[in-house]
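Subject: Handing over the structure

Dear colleague,

I am passing this structure on to you, and below it you will find my notes on what was found. Please read them with the model open beside you.

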Amino acid sequence: MSSSRAISRPAGSPLGRITNAVPAALVVVLLTAFVSLPLYSMVVTAFKTDKEIYDDFSYIPRQPTLIQFQRVIVGERFFVNIQNSLIVATTATVVAISMSVLAAFAVVRLRFRGRVWVARLILFKYLLPTTLIYIPLFLVVNGLGLANTLQSLIFTYLSFSIPFATWLLMGYFRGIPAELEEQAMIDGCSRIGAMIRVLLPLAAPGVVAASIFTFTGAWNEFLLALVFINRPALQTVPVKLSGMIVGDQYVWGAIMAGAILASLPVVLLYFLAQRFVVAGLAAGAVKG
């Protein structure tokens, strides 16, 4: 009896808490290593010379250099492609969020016939794979005379970013009591004024999360940008990086340097608004 008491450890004791935390800590360490190793490889490769990459491999650059960044910035004019991606992603995000706020507000707050089916249609469009609609989108873009322009990308990215942002904002708007807007309207606000002065400030985390996910989706999109744009001066970042692989020649140093430069805007966005991303996505996923 006394030995069993000595072996058993209450879950609330310090030793019990440590024992319970070890498996979780191991899982976190393994997942962190799984995610970090490709990033580590990308960073160290970007700072190596060609000799260290192809002939004399090492896990850490022996002679760190910026020659790969110079090659991709000066030789490949990579900032032109970053500028193209910024124009496309920023414009698509501003337009998509503006339209999604109005669409989500109408579906959640207004009472009209068929609004349930409108909500289901938005969800269906959000779940529809982009690969199924890129040929119809290409025909529409050609018909509008927008082929081989940045406007074609902005136009087509709205087709999947608006349903996603609307679905996310619908869940967030449902979590805010409608009585707050009704009180504002009693005090003299119009419905639109109540939405701008009351609803949007309270839904700021959801709006920020939807904006970041929309920007990231447009920034990373590859298939439509590859199909719609064939002029090198108008290529976006993903297409430019893939085009740096010619035949069986992989210029890994320049590609990794370009990948680091292309990651900086998205990393900065997530760093500044990471708490909004988690809160907004969780609210939209649970209440949508």
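A polar atom of the side chain of Ser159 lies 2.4 Å from the backbone oxygen of Thr156, which falls under the term polar contact (a pair of N or O atoms within 3.5 Å, where within protein one must be able to donate a hydrogen and the other to accept it, and where residues adjacent in sequence count only if both atoms are side-chain atoms). Ser159 itself sits in helix H8, residues 150-174; helices here are DSSP runs of H or I with at least four residues, numbered from the N terminus. Beyond its neighbours within four places in sequence, Ser159 is in contact with Lys125, Ile133 and Leu137, contact being taken as heavy atoms within 4.5 Å.

Before going further, please keep in mind that this is a predicted model, in which local features need pLDDT of at least 70 and side-chain atom pairs count only at pLDDT 80 or more, while totals for chains, interfaces and linings use all residues. Residues are numbered from 1 along each chain as its sequence is written, and side-chain values use heavy atoms, with hydrogens and water left out.

A nonpolar core is a set of buried Ala, Val, Leu, Ile, Met, Phe, Trp, Tyr and Cys residues joined through side-chain atoms within 4.5 Å, and buried means under 20% relative accessible area, exposed over 50% and partly exposed in between, with a 1.4 Å probe and protein chains only.

Phe228, when residues up to four places away in sequence are not counted, touches Tyr134, Leu137, Phe138, Val141, Ala147, Asn148, Ser152, Leu153 and Thr156. One of these, Asn148, lies in the loop between helix H7 (134-143) and H8, and Asn148 counts as buried because its relative accessible area is 19%. Its phi is near 65°, a positive value in a residue other than glycine. Arg77, in the loop between helix H4 (67-75) and helix H5 (78-109), likewise has a positive phi, of about 50°, although it is not a glycine; Arg77 counts as exposed, since its relative accessibility is 55%. As background, most residues other than glycine have a negative phi.

Another loop residue, Glu221, is placed between helix H11 (204-220) and helix H12 (223-228), and it counts as buried because its relative accessibility is 11%. The side chain of Glu221 reaches the backbone nitrogen of Leu224 at 2.7 Å and that of Ala225 at 3.1 Å. Leaving aside neighbours within four places in sequence, Glu221 is in contact with Tyr157, Phe160 and Pro238.

In helix H14 you will find Ile255, which counts as buried because its relative accessibility is 9%. Ile255 touches Leu241, Met244 and Ile245, residues up to four places away in sequence not being counted.

Lastly, the largest pocket has a volume of about 200 Å³, a volume being the space filled by probe spheres set on grid points that are joined across faces, edges and corners. On a 1 Å grid over the protein atoms alone, a pocket is an open set of points where a 1.4 Å probe fits, with protein on both sides within 12 Å along at least five of seven lines, and lining residues have an atom within 4 Å of a point. Among the lining residues are Leu37, Tyr40, Ser41, Lys48, Trp252 and Met256. Helix H2 (14-46) and H14 are the elements that give two or more residues to this lining, and H2 provides the largest share, 5 residues. By class, the lining has 8 nonpolar, 3 polar and 1 charged residues, where Ala, Val, Leu, Ile, Met, Phe, Trp, Tyr, Cys and Pro count as nonpolar, Asp, Glu, Lys and Arg as charged, and the others, Gly among them, as polar.

With best regards
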